[in-house]
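The exercises below go from the ligand to a cavity and then to the chain as a whole. Try each task before reading its solution.

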Amino acid sequence: MTTIDRTRLADLIARETAAHAAANPTSRALFDVADHLFGRVPMTWMSKWAGGFPLYLDGAAGNRVTDVDGHTYVDFALGDTGAMAGHSPAPTVAAVTRRLGALGGVTAMLPSEDAEWVAAELARRFGLPLWSFSLTATDANRWAIRLARMVTGRPKVLAFSYCYHGSVDETFVVLDADGSTRLRPGNVGAPGPIDMTTRAAEFNDLASVERALAHGDVAVVVTEPALTNIGIVLPEPGFLAGVRELATRHGALLLIDETHTFSAGPGGCTKAWGLQPDLFVIGKSIGGGVPCGAYGITDAVAERVASHPDADLVDVGGVGGTLAGNALSTAAMRATLGEVLTDDVFPRMIELSTRFTEGARSTINATGVPWSVSQLGARSEYRFASPAPSSGTASAAAGDDLLDEYLHLYCLNRGILMTPFHNMALMCPTTSAADVDRHTEVFRAAVDELLG
Ligand SMILES: Cc1ncc(COP(=O)(O)O)c(C=O)c1O
């Protein structure tokens, strides 16, 4: 088996870090004077970028990002899905400009007619009839979980080891080897013991799901159709159908979070694979970069909510945000769903992702590195394990921070942005075959240099 020489890896990282610093003096200087930002960045995760400091944004259009030192990159990070429509798509820009300027009224506490259009479109795509809006997928998850707890009268959430659904306290779990639910390592300031709110299970392990549900205290199973935040972990045949069946049998609801897996097609995995969630969450991409999110519910859930007339859905009951559903974000969602991320653009995005996947796989096969690459529609990702991990715990074990750093920096220094978290690449409507082939070429060179 081909092995990686760790000394060589460290030397290459040092070389690439020096090249990055030399090529980006303006970004470096801006970072150095950011004394009033916590961690020197506007959002603490921005320090995740490889190279010791982030590139500073000058502008972006489609799948191109230009930094303040004048470099233009092919962007496969696409705002970790927030820019899956491409940066500043023209119809979205026109709609938000009109709302901001000609019409006015970003946040007036009044509905605009765009909201019903967007809800009807989400219903057409994902099948759930009733929708409510948020500004982040995190909030949509939080509010949907509250509704699930209320209508089932049960306290707990079932979540999978190493899942990610935003900063939702109940979902930061791992399943211990002894079968107990533990807080995910590194979680900041958890409000209390995680096993008070959550039962953990392992993705692709129906027996672990059944064990968790058998306690009879789970309100809702929360999952992505494929894990995407610990590398891509695809569901094995029958797993999602099994989860649906077990949830129903044990009186729990099923929440499908398609914030990332929307890459599978215009109706996400829910449409592509015929999933039947009771609650559904999406965010990030559908506003073309403008903050937005949404949750959908079935008629049956809505009826159960209605049987709680005491529930405060309109004020301080815990299922709303002042700026949620505002006229700017609904205008952005209407334009993005109606004119940018349309049914028609997905086949080409998925074709390019297949090209990307095959390109990466050709390097893996030719060089013999023990890695794998997984595709979920317009999204592709390589992972340092072969075969591809089938659970969150296995995928977490395949993480390698130094390899991530090397590959990210190598790409960055050659004009390619990969998502700073693991090795995700996403295609948008303006990604081209030449962009994909450039990655294939750079990835091959990176691995060849690594192997020496
Ligand atoms: C599946 C999933 N759900 C929810 C979220 C949270 O989205 P946001 O950060 O916009 O709240 C994320 C973020 O990565 C996600 O991947």
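**Exercise 1.** How far does a polar side-chain atom of Thr 138 lie from an oxygen atom of the ligand?

Solution. The model is a predicted one, and the distance is computed from its atoms. For Thr 138, a polar side-chain atom and a ligand oxygen atom are 2.5 Å apart.

**Exercise 2.** Give the distances from the side chains of Asn 229 and Lys 284 to the ligand, then state what share of the ligand's area the protein covers.

Solution. Step one: an N or O atom in the side chain of Asn 229 is 2.9 Å from an oxygen atom of the ligand. Step two: for Lys 284, the distance from a polar side-chain atom to a ligand oxygen atom is 2.7 Å. Step three: on its own the ligand has 390 Å² of accessible area, and the protein covers 86% of that.

**Exercise 3.** Describe the shell of residues around the ligand.

Solution. Start with the count: 13 residues surround the ligand. Thr 138, Asn 229, Asp 257, His 260 and Lys 284 are the closest. Next, sort the shell by class: 8 residues are polar, 3 are charged and 2 are nonpolar. Last, look for the element that gives the most: this is helix H5, residues 137–152, with 3 residues.

**Exercise 4.** Find the largest cavity and describe its lining.

Solution. Begin with the count, which is 1 cavity of 30 Å³ or more. The largest cavity holds about 40 Å³ of space. Its lining consists of Ile 232, Ser 372, Val 373, Ser 374, Glu 381, Arg 383, Ala 388, Pro 389 and Ser 395. Two or more of the lining residues come from each of strand E13 (372–376) and strand E14 (379–383). Of the elements, E13 gives the most, with 3 residues. By class, the lining has 4 nonpolar, 3 polar and 2 charged residues.

Key. Residues numbered from 1 in each chain as written. Predicted model: local features only at pLDDT ≥ 70, side-chain atom pairs only at ≥ 80, totals over all residues. Heavy atoms only, no water. 1 Å grid on protein atoms, 1.4 Å probe; cavity = no way out; pocket = protein on both sides within 12 Å on 5 of 7 lines; lining within 4 Å. Points joined across faces, edges and corners; volume = space filled by probe spheres on them. Helix = DSSP H or I, 4+ residues; strand = E, 2+ residues; numbered from the N terminus. Nonpolar A, V, L, I, M, F, W, Y, C, P; charged D, E, K, R; others polar. Near = heavy atom within 4 Å. Polar contact = N/O pair within 3.5 Å; in protein donor to acceptor, adjacent residues only side chain to side chain. Areas by Shrake-Rupley, 256 points an atom, 1.4 Å probe, with all protein chains shown as cover.
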